Structure formats: structure tokens, C-alpha cells
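Work through the exercises below with the structure open. Try each task before you read its solution.

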2 protein chains.
Amino acid sequence: MTKAKTLTRPLEPGATIGILGGGQLARMLALAAARLGFKTHIYSDQADACAFQVADARCHGAYNNRALIEEFAKGIEMATFEFENVPEIAPTLLGQHIAVAPPPGALAVAQDRSLERKFLAGLSVATAPFQLVGQERQIDDALRAIGGPAILKTSRLGYDGKGQSRVKTAAEARAAFQAFNGVPCILESVIDFAFEASVIAARGRDGAFAAYDPPENEHGDHILRRSSVPSRLTPAQTGEATAIARKIAEAFDYVGVLCVELFVTKAGQLLVNEIAPRVHNSGHWTMDACQVSQFEQHIRAIAGWPLGNPARHSDAVMDNIIGPEVNDWLALTAKPSGLHLYGKGEARPGRKMGHLTRLQPFGSVRRS
Amino acid sequence: MTKAKTLTRPLEPGATIGILGGGQLARMLALAAARLGFKTHIYSDQADACAFQVADARCHGAYNNRALIEEFAKGIEMATFEFENVPEIAPTLLGQHIAVAPPPGALAVAQDRSLERKFLAGLSVATAPFQLVGQERQIDDALRAIGGPAILKTSRLGYDGKGQSRVKTAAEARAAFQAFNGVPCILESVIDFAFEASVIAARGRDGAFAAYDPPENEHGDHILRRSSVPSRLTPAQTGEATAIARKIAEAFDYVGVLCVELFVTKAGQLLVNEIAPRVHNSGHWTMDACQVSQFEQHIRAIAGWPLGNPARHSDAVMDNIIGPEVNDWLALTAKPSGLHLYGKGEARPGRKMGHLTRLQPFGSVRRS
């Protein structure tokens, strides 16, 4: 992957930012960019992408359509993306014409769990014990090394529990590997964690770093259900988690917002579960509880603007609205919470349709 | 003006709200509507309307273009407007097809200072002493009745000090009347007020009423420069100001957000200066200091949704960014304030280009 162009000066208000991807993250990025006076141009392979509704310009096509990407590049001053699983060709082509942030190198690592684990090991950042599994015949040794139970995860294209399978025996692991069509995987120990947390942080073009207070996260069916601040992390753990995120961001020479998901073990150890080189669902509460949301922070960072203040003015609990839950929209409008709906059509099971953030006065919740 | 259609049930997320006007108020309404899952369709007579940049659909044409307005009505579920000086034909035509809010009757009154004063007198709401001036020969008597100095204001189409002239003598008043081409005016006493304030309030389709904490406002060259909460209003004055806004809203059978601008005299009396049947510049701080901004509140009200909580979580000072001040955008990005830029092209003198809101912890400022 070649190095993309970089901005030589801060992006002027009125400029157009291109966003690869047209889901809710792109939509909320576009809304934040508009608040700062930028126009956005959304590129999506979905004809009814919900981010199209709030963008100045739209491009509908495959992410590997070279001609369309070249055309897209002509109408924008710089590009970013809302998800890490965009085909490499898109940011590479864009980078030949304009600045692209976050750096495509971070994307490449986050796209591939095997690369990600090697990258984290290189930084001496702890993760759950794991083994790479490239071929079926490696499974027995891998499972023995880990000691079951374990989770088999495809190296690429996993999200919201897709491409993951919990296994106890070698036979189960082999079946899962076959169900994934024999693609490269990692086999990972199941961590009996106390709770999950994440760090949402930004790094500017000048190397400045700013992290939000890390939320505590609860999942159900592999999908994030709730993020809360404050979390149960102690001040020392919060410092450690933030330092991990900073180390990762600096190693990537990162520009933009990134998320580092963590397991917090019962012994108090922090284990990195995943890096997302983008704004993240566990940071949605920042829209209601901070003056500068993660979306604005990302736009500030990639535009070469000074990072905003990540301090929160309130305690917050964010709950996702998933699939058919959105059909109760009328009841949701009456809740004393900040309601965010994503403008998506069909409320398919598991689809993120919106979120609700309940605020309480700052410092009213004590958890750690 | 005929009665417009009304919504028979709350507007469903995914519906399209039409907005007459394409300036910064329409832009911020569109952003708030998007947050709630609505699409917006902007109608403006300006080809480069800044609200177009964030809308799902756009209509560019004159506000009295019947065919275009009929076309516009077909693509939207309901309509609202960002300014009161829209030609009557537009809401009237729209009202034949779809629900329009706020009620066109409120628009008609707010468009005309003479009607507005009669309306307020009918509600026993105090204003500055004034006289109607329809013809030049009435000026001497009017000035004598008021006792100079006074301000001559055109009844219609005034904003940001346009159509206003301060006069001391009958000769000055006659010259001003002629300069306004002899259109109907009001002659109003200059109030030696202690400060200015405003009430931003919403009334729902169910009659529910919710007011924000009234800001104190400072003007320069007839343009709002700063709004601050808390204001110097005493709790009793805040109650009185809010009751005035409620009385006005109920008299109009109002739906949506409205603003009532007030003079606070040195003796502590509240005098209504102007009614704006729309979201208002002096309520922009609600975007940063409240979970539900005035823009979201307006959308909630007109959509038939429950009103949101108008409580603020922070003290706030909002400063407008006017004309060439926006050329210092790079310095503005570094301020520890919420920055909002409107995506307008040319920074003409007096043009509202953006605003900045500085937050402080709730209760940290004591003014009254």
C-alpha cells in the first residue's frame, strides 16, 4: 500500500470531505462535518445508504470501481472512511490524488486479525492468548496451546460476531474452520473478563493526542448493547488504557479517531481485543455528553484542525436501538434521553437503527 | 389565510419534512431533523442556499412560484419555515396539500409590526409605547404622543436593524418615513432598558409547553452579538417572561418553537419587543448547553412528538461570527468553545457566518 498524499495546510471551511461508506457512522460524520462548515460527498455501494440523506453529493457504486473512485476523488479535497473493511484499492487510488486519513496502513492492520495481533505483540501490548490457524491440520496443536474453550475467528471481514465461533473441542474447531471455508483464522482463548471497556481517542496531524473517558461496554449476541461513562476502570487502569491507545496511534502515525476495545480481567489486567481505525459505536455517548463529539473530533483531526476538548460535562449511558426495537419509536420519543435515529429503511434483526443516550449530572455515578 | 391541514398522527421517522428557506436556521433544522431520522427537503430562492448542503432534496425557485411549490408539496409529508417573511402564498398553497407548522396565522402577525402590536395589546402584554404611522402627516402627532427620541420602524420586512431609523425631531422622522418610501410604519419610544432578554419556547400539538432558560442578549449595529445563560433576570422575571411566551403561543394555537424578544427596563418591567415564529439566533446556545436543542425541539413539536426536556446541563455564552470575522477561522478552531460554521460562501459585512458557544459548569455563573 503506497503512502497517501497528506494535507499541507488545515482544510478550509467550505471544502468537501469524501467519506467511503454510507452507514450511520458516515451519516454522523457528515452531520459533524456540516456543523464545522464542511461539505461531504458520500461513496457507498448501497443505493439507499442512509448517509446520502445528509450529504452535499453522493456516489453510488462498488468500492473497487476504479473509474468511479477516480471521479469521486475529483470532487473532494480529502477522504476518510467509516469502516475498515473497504477494499484496499479504494484508499490506495484516492491517495494518489488527495489526502486520505486515517492512514491506510492502520486500515490494513485492522482488516486482518493476524496482522493486528503481530502488530500489538510488536508493541508489547497484551491480548488474549491466541494461535494463528492457516490450515485445518494446525487446529489440534493450536487448541492444545491455548487450552479450550476458545473462539475461532476469521482473520478478515468479521464484525458484530460474524466470522466467530466458540469451540470446546478440536472436532468443533475443525467444523467451524470448514464452515468459514478454510480461510485464515486465529484461535483465541475465551477470557473470563470482569467487564469490557474501550478507549476512543484522536490523534491530530501535529501529533496531539486526546482521549475520551473510556466507556464500559456491554454486548448481547456479539452486538454492542450499552456503553456507560464512568466505567468501573480505576484511575490507574484508565491511564493505562489511554497509554495503550496512544502507543497504537503513534505506531501508526495515526490521524483521526480510533477505538481500542479491551477486556478487563478479574485480576485487573487490560487485554486488547480489537482496534477499530475509525469512530466507534462505543463512543456515541460523546454526542450528548461532550461538547466535541467523536465525530467532530475525527473531522477536526483529519482536517488538520486543533483537536477539541474531549472532556465530558455529564455522566452518560448509551443504549443501542437494534432491529425491530425501532418499531417502538413512538415510545422512544417520550424517553428522557437523547434520541438518535439513523434514517435506515428496513429494521432487519441485528441492524443498528439508532441509539439513546441518558445523561446524568457529571460525577453523579461512581462505579470504580 | 386559510387554515392549513394538520397532522392526524405523529410523523414517522423516515418521513420528509419540507423547509421553506435555506439559510443557517434551515440548515440547523435539517441537521436536527436528521438526528431524529427524518429526511428534509429545502426550498430556497438562493441557488447556493447553505441548507441545500445537508438536505436529502432541494428545490430552487421563487417563494411565489405556484407550480414549483405544488411540486415541492408532493415530495414532503409536512412543511415548516425558517423565516417569517415568506410570501403568504407559499404556506397557503402548501397548507392545501399537507400540514404546515407553525400556524400561518402566527406568521401573518409576526410579518407585520402593526398587527403584532395590536395582537399583543389584545393579550394585555406590555410593549414600548408606540403609534401607528400610515401617512406622513401623522408623524407630528405620533411623535408628540410618544415623546422623542423614538424609532421609526417599517411594519413589514424589517430584520437586523433594516427598516429602522432612530429619530429625535419631526423633521428627522419625516425624512426617515420618506426614505422608507412612505410604507406603513410604527413610531416607538426608545426604551432606556437595563438589558435585553428573550424566551425560546416550544408548544406541541397536544398543547404541551416547554421553555428554555431565557438568555440575556447583547446587540451591536442592530445585530445579535451575544446570548448568555443565566441572564440577569430574577426568578420572578423569568417566570413572568415565560408566562408571556406561553400566553402568546396559546393565542396562536402555536405548534413549534417561537421566540419572544424582551426589553427589561431599569424598573424591572418586561416589554415585548418582537415575536419570531421560528427558531431564533438567541437560542443557538441550546445546541451546546442542552441535550435537546431548539432545532430538535421545533422538529419534535411540528412532528407531533413529545417535547424534549429544555433543561440545560451547563452555563453558556454564545457569540455570533459575523461577516469577515469568519476569515479568522483558523484561530476560531483553537478556541475552547463549540464552533458552528454555516457553510456560506461570501463573508459579506453583517452576514451571519457562524457562532461559538463557550460552556461553563452549570451554576458557575451568578448574574441575577
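**Exercise 1. Find the partner of one residue.**
Which residue in strand 12 of chain B is the bridge partner of Glu196(B)?

Solution. Start with the ground rules. The model is predicted: local features need pLDDT of at least 70, side-chain atom pairs count only at pLDDT 80 or more, and totals for chains, interfaces and linings use all residues. Residues are numbered from 1 along each chain as its sequence is written, chains are lettered from A in the order in which they are written, and side-chain values use heavy atoms, without hydrogens and water.
Now go to strand 12, residues 216-220 of chain B. The partner of Glu196(B) there is Asn217(B). Strands are DSSP runs (E, at least two residues) and helices likewise (H or I, at least four), numbered from the N terminus.

**Exercise 2. Explain the setting of strand 10.**
Why is strand 10 of chain B described as largely enclosed by the rest of the structure?

Solution. Take residues 193-203 of chain B. Nine of these 11 residues are buried, so the strand is largely enclosed. Buried means under 20% relative accessible area (1.4 Å probe, protein chains only).

**Exercise 3. Describe the interface.**

Solution. 
- Step 1: chain A gives 36 residues and chain B gives 36. Contact means heavy atoms within 4.5 Å.
- Step 2: the chains bury about 3200 Å² between them, 55% of it on carbon and sulfur atoms. This is the accessible area (1.4 Å probe) lost on being put together, summed over both.
- Step 3: Arg35(A), Gln291(A) and Trp329(A) supply 20% of the area that chain A buries against chain B, more than any other three residues.
- Step 4: four salt bridges link the chains. Each has a side-chain nitrogen of Lys or Arg within 4 Å of a carboxyl oxygen of Asp or Glu. One joins Arg58(A) and Asp56(B) at 3.0 Å, N to O.

Key: Buried < 20%, exposed > 50% of the residue type's maximum accessible area, 1.4 Å probe, protein only. Pairing = 2+ DSSP bridges. Buried area = accessible area lost by both parts, 1.4 Å probe.
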